[in-house]
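Here is a short briefing to read alongside the model.

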Amino acid sequence: MSTYLSQGKALQIRHYKDSSLQDLVAHLRPAKPLYVMFPKIMKQSAQAFSSAFPGTALYAVKTNPDPLAIKALKSGGIRAFDVASLAEIQLVKSIAPRAELHFMHPVKAPEDIHAAYFSYDVRHFVLDHEDELFKIMRETELAQDLNLTVRIALPKNETALIDFSSKFGASLEQAIDLLRKCRPVSRHLGLSFHVGTQTTDPSVYSKAIAYCAALIKQSGVTIDNLNVGGGFPVAYEGDDQICTMEDCVDAIKQALATHKLSHLKLLAEPGRVLTARGGVLVTRVELRKDDMLYINDGVYGGLFDAAKWVGTRYPVSAISCDRAFDGSVQGFRLAGPTCDSLDMMSGPFELPSDIGIGDWIVFENCGAYSQALRSDFNGFGHADIVSMEA
Ligand SMILES: *Cc1c(COP(=O)(O)O)cnc(C)c1O
């Protein structure tokens, strides 16, 4: 048993070997939300991505910054990381001191750029505006060894869970201008985009690459690398028709060949696809009212993505330690523990018809954007964390 810090709170982390989740729940009978990590699955996901993807995978740390996740991905061959803040830089450096860090937030504090360059050897920076370029040049004291990447905005992606081009990214004209301005001060120059997280259609990558090809041509600038971002999907409930990570990679390879861009160094920033399957969240039912289950974790805890504004339907199952369920199932709505009525998840989540107080609900594919988004709102922030050998 060892202690480690998660979001400033000391938590007990226990490593369980060779037991099933059912046994674990029967043993712990968890009264608080229980976050179970499977580092081996994360390691395997990293290996699978690296063997399919013909370039460098930067792990998008925000997805799951738990040291266990970072170590697992490192053991699966991840050597480079997409970081967005000084805290993420310090975290990764403390675990993987030789990792290559790419500071991929388009809007950075000047102090963070300075510290990243001078204290943490960061040489890769993204930008989507001329003023950010000047900021980077100034804070790195006109460094000659910068690798700059211009983040572009793509036309809206209707097939992603959350579109990623409405907040960041340069327009076509701005990107052309930025490439021209960045070229003389970049050792290696690149373009990056994000098609939106949990995309369901591989052709969005083809369209994005076609767009980059046209942009590069119009700019007349020679670039060195292309970063195709994240967005690689994972199957959740109701996502039977979803494409796979391999479908997306195939689309990328084909588009690079079609547009004669195969000579560029290729990068990606996978997040969800590397970690989602490596975590499950166990919650307990505290009350039932017809088809509504009040549980002890919710949208301010580890289930942010199940809220109506995202609507992820995590695959769920139920565990009872005292009886067998009768076998019939029905759809349920879920309510989280806080007093806020936004803290509800409409699902529907298919669970045993006779589920009730004291039973546990297991949410699968919670390795991404779950624990990372947990807040202490209303005093319900605590989750115990354990890791299991799958
Ligand atoms: C969040 C994020 C990612 C990871 O996206 P996934 O869809 O989880 O793969 C990658 N790149 C950037 C810039 C991001 O903000």
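Proline 348 sits in strand S16 (residues 344-352), and the peptide bond that leads from glycine 347 to proline 348 is cis, with omega near 0°. Most residues other than glycine have a negative phi, and most peptide bonds are trans. This is a predicted model, in which local features need pLDDT of at least 70 and side-chain atom pairs count only at pLDDT 80 or more, while totals for chains, interfaces and linings use all residues. Residues are numbered from 1 along each chain as its sequence is written, and side-chain values use heavy atoms, with hydrogens and water left out. Helices (H or I, at least four residues) and strands (E, at least two) are DSSP runs, numbered from the N terminus.

**Backbone spots to look at**

- Aspartate 290 is not a glycine, yet it has a positive phi of about 50°.
- You will find aspartate 290 in the loop between strand S12 (279-289) and strand S13 (292-295). Its relative accessibility is 67%, so aspartate 290 counts as exposed. For accessibility, buried means under 20% relative accessible area, exposed over 50%, and partly exposed in between (1.4 Å probe, protein chains only).
- Asparagine 378, which is not a glycine either, has a positive phi of about 65°.
- The loop between strand S17 (360-363) and strand S18 (384-388) holds asparagine 378. With 36% relative accessibility, asparagine 378 counts as partly exposed.

**Buried sides of helices**

- Which residues are buried in helix H1 (residues 21-28)? They are Leu21, Leu24 and Val25.
- These H1 residues cover an arc of only 95° around the axis, which puts them on the same side of H1. The arc is that of the directions from the helix axis to the C-beta atoms.
- As background, an α-helix has 3.6 residues a turn, so residues three or four places apart point the same way.
- In helix H5 (residues 110-120), the buried residues are Ile113, Ala115, Ala116 and Tyr117.
- The cover over the buried residues of H5 includes helix H4 (86-95), strand S6 (100-103), strand S7 (124-127) and helix H6 (130-139). Contact means heavy atoms within 4.5 Å.

**Helix H2 against H3**

- Helix H2 (residues 39-52) and helix H3 (residues 67-75) have axes that come within 7 Å and cross at roughly 45°. That angle makes H2 oblique to H3.
- Axes are lines fitted to C-alpha atoms, for helices over the stretch in contact, and angles run from 0 to 180 degrees between N-to-C directions. Angles under 35 degrees count as roughly parallel, over 145 as roughly antiparallel, 65 to 115 as roughly perpendicular and the rest as oblique.
- The crossing of H2 with H3 is right-handed. A crossing is right-handed if the near helix is turned clockwise from the far one by less than a right angle, and left-handed if anticlockwise.
- On the H2 side, Pro39, Met42, Lys43 and Ala46 meet Ala69, Ala72, Leu73 and Ser75 of H3.
- The residues of this H2 and H3 contact divide into six nonpolar, one polar and one charged. Here Ala, Val, Leu, Ile, Met, Phe, Trp, Tyr, Cys and Pro count as nonpolar, Asp, Glu, Lys and Arg as charged, and the others, Gly among them, as polar.

**Helix H2 against H9**

- The axes of H2 and helix H9 (residues 245-258) come within 10 Å and cross at roughly 25°. That makes H2 roughly parallel to H9.
- H2 and H9 also make a right-handed crossing.
- Ala48, Phe49 and Ala52 of H2 meet Met245, Glu246, Val249 and Lys253 of H9. By class, this contact has five nonpolar, no polar and two charged residues.

- Isoleucine 78 lies in the loop between H3 and strand S5 (80-83). Is isoleucine 78 buried or exposed? At 2% relative accessibility, isoleucine 78 counts as buried.
- Beyond its neighbours within four places in sequence, isoleucine 78 touches Ala46, Ala57, Tyr59, Leu73 and Leu274.
- Alanine 60 belongs to strand S4 (residues 56-60), and alanine 60 is buried, with a relative accessible area of 7%.
- Neighbours within four places in sequence aside, alanine 60 is in contact with Asp82, Glu269, Pro270 and Gly271.
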